[in-house]
Amino acid sequence: MILSKDFLWGGDISATQIEGAWDEDGKSPVETDYLIPGKKAIPRYAYYKKANGEIGKSLQFSGQAPKGSEFIVKENQIYPNHFASDFYHHYKEDIALLGEMGFKALNLTVSWARIMPHGIKGGLNKKGVDYYISVFKELKKYHIKPIVTLYKYDMPAFYITDFGGWSNRQLIQEYLAFCEICFNNFKDYVEYWVTFNEINILKMTLDGNENASQKDNQRTFEELHNQLVASSKAVQLAHKINPKNKVGCMVCGLFTYPRTCNPEDVLASQKYMQDNILIFSDVIVRGHYPTYFKRILNEYDVKLNISEDDKKDLQEGKADFLPFSYYFSNCVSGQHSQEALLTGVTSSEDNKNPYLKTTEWGWQIDSRGLKYALELLNDRYDGFPLLIIENGIGAIDQLEPGNIVHDQYRINYHRDHIKAFEEAVNEGVNLIGYTMWSCIDLVSAGTGELRKRYGFIYVDVDDEGKGTFKRYKKDSFFWYKEIIQNNGIKID
Ligand code: BG6
């Protein structure tokens, strides 16, 4: 038996992608509520109206819209996150199914816009808090531990249009007030917290923007720094409110290989990981920026004002564990295209790995890369507890007569990734759990499609929101149940 008996087997869901009910019970809108669907390699946008009536577009994840503008819902336009999988009204049934699979943990996000919809000024929304307490009670019935992610690109939209987003330091206080409500109100149910989902996404979004100016660089690094400070303050607050709390901050694990053994490619791959992943995990785990941070700031022509108080916060707010997502790997050459790396679609020859197959959405399937990532992080942080949050395959499933779905491709994907992490654990990696994306079908974040399905539980709804919203067990449901029962796969 390699995995400990407390190993956190489970899955992930996120509020904007699964709940629907976008304007119910006092929730205020979030940027995602305004995003129109995209497609493979076509990003999503939100429309806004400026004070002078001009209409503009804001790129997903950028958290940007001009001050004083307003996001708008266009007529005859589909907004998939408005309905999603309607978990808001189906949570009891859904959690019962997770219980049947034997889940030990569920990573879910709680929506800031349900809990504190109008900022500190508006106070707590009791209906929002009560809703999540009901969800946690349901989880408790089935002995499923919640791992609560506090922020996943979903702050109330007015923070973007009125405050100017994360570049405004005031947002740190707002975020902490929201965290405090959660730590206090959910303390009887939650011990695992994640302060930010994929905190490195802003940096990758910046690199994907071909037209980024020095001003954009400056703003993005300020936003990132503010988020890291906010995260470290949240860690401290969580520990103060309940010393039993275990808090992590998640990074998006876009790990890379050199395209060839050309030393330039090797250095480019190393640099890519420093600039996009490790700089963040270094701060989260070690409590300070690494030495190569100076080089990055120079390259982006950015000046950051890091106060002594900020340094102290980063140091005193080190995380207890490091959660990271892992979907695919990429190659990097001296000439790599960073945009291609973020969308996962290997549009450039440089990023393609001839040894790997891809999914229907062009994501390279690479279970060995998960072992590579685990070993790299384990070596770097010397046995620090790691958690794989989010790992899965988006595919088109066929609901067949009798309401069955034969998703052997999904079973293969997870089996190979589980084998890879078991091998790493066997070699000494300190892995505390595996929560796969996404146990229940939901809206794709990147494309807004519902037909890009990840779940072990099928939800009968299409891209336009048509369907019965009934839930069906896929073949992978029964397979994962057995994996959890056996506490893993026996490696020969
Ligand atoms: C992760 C995000 O990076 O990728 C999830 O945290 C997202 O929210 C997942 O759903 C898969 O991406 P997509 O675009 O297929 O939904």
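## Helix 11

Helix 11 bends by about 50 degrees at leucine 278, the bend at a residue being the angle between axes fitted to the seven residues ending there and the seven starting there. The model is predicted, so local features need pLDDT of at least 70 and side-chain atom pairs count only at pLDDT 80 or more, while totals for chains, interfaces and linings use all residues. Residues are numbered from 1 along each chain as its sequence is written, and side-chain values use heavy atoms, with hydrogens and water left out. Helices (H or I, at least four residues) and strands (E, at least two) are DSSP runs, numbered from the N terminus.

Helix 11 covers residues 263-286, and its end C-alpha atoms are only 29 Å apart, short of the 34 Å that a straight helix of 24 residues would reach at 1.5 Å a residue; the expected span is 1.5 Å times one less than the number of residues. Of those 24 residues, 17 are buried, so helix 11 is largely enclosed by the rest of the structure. Buried means under 20% relative accessible area, exposed over 50%, and partly exposed in between (1.4 Å probe, protein chains only). At the N-terminal end, asparagine 262 caps the helix, with a side-chain oxygen 2.9 Å from the backbone nitrogen of glutamate 264. Just after helix 11, glycine 287 has a positive phi of about 85 degrees.

Two strands pair if DSSP finds at least two bridges between them. Strand 1 (residues 8-12) runs parallel to strand 5 and is joined to it by 3 bridges, with glycine 11 opposite leucine 106. Strand 6 (residues 145-149) is also parallel to strand 5, through 5 bridges, and asparagine 107 stands opposite isoleucine 147.

Strand 2 (residues 45-49) and strand 3 (residues 55-59) run antiparallel and are joined by 5 bridges. Alanine 46 stands opposite serine 58 in strand 3. The hairpin of these strands has 5 residues between them, and glycine 53 takes a positive phi near 90 degrees there.

Strand 2 is also joined by 2 bridges to strand 4 (residues 70-71), again antiparallel. The bridge partner of tyrosine 48 in strand 4 is phenylalanine 71.

Most residues other than glycine have a negative phi. Aspartate 382 has a positive phi near 55 degrees and sits in the loop between helix 15 (367-380) and strand 13 (386-389). At 72% relative accessibility, aspartate 382 counts as exposed.

Asparagine 487 likewise has a positive phi near 55 degrees, and lies in the segment after helix 17 (475-485). Asparagine 487 counts as buried, at 14% relative accessibility.

Definitions and conventions. A polar contact is a pair of N or O atoms within 3.5 Å; within protein, one must be able to donate a hydrogen and the other to accept it, and residues adjacent in sequence count only if both atoms are side-chain atoms.
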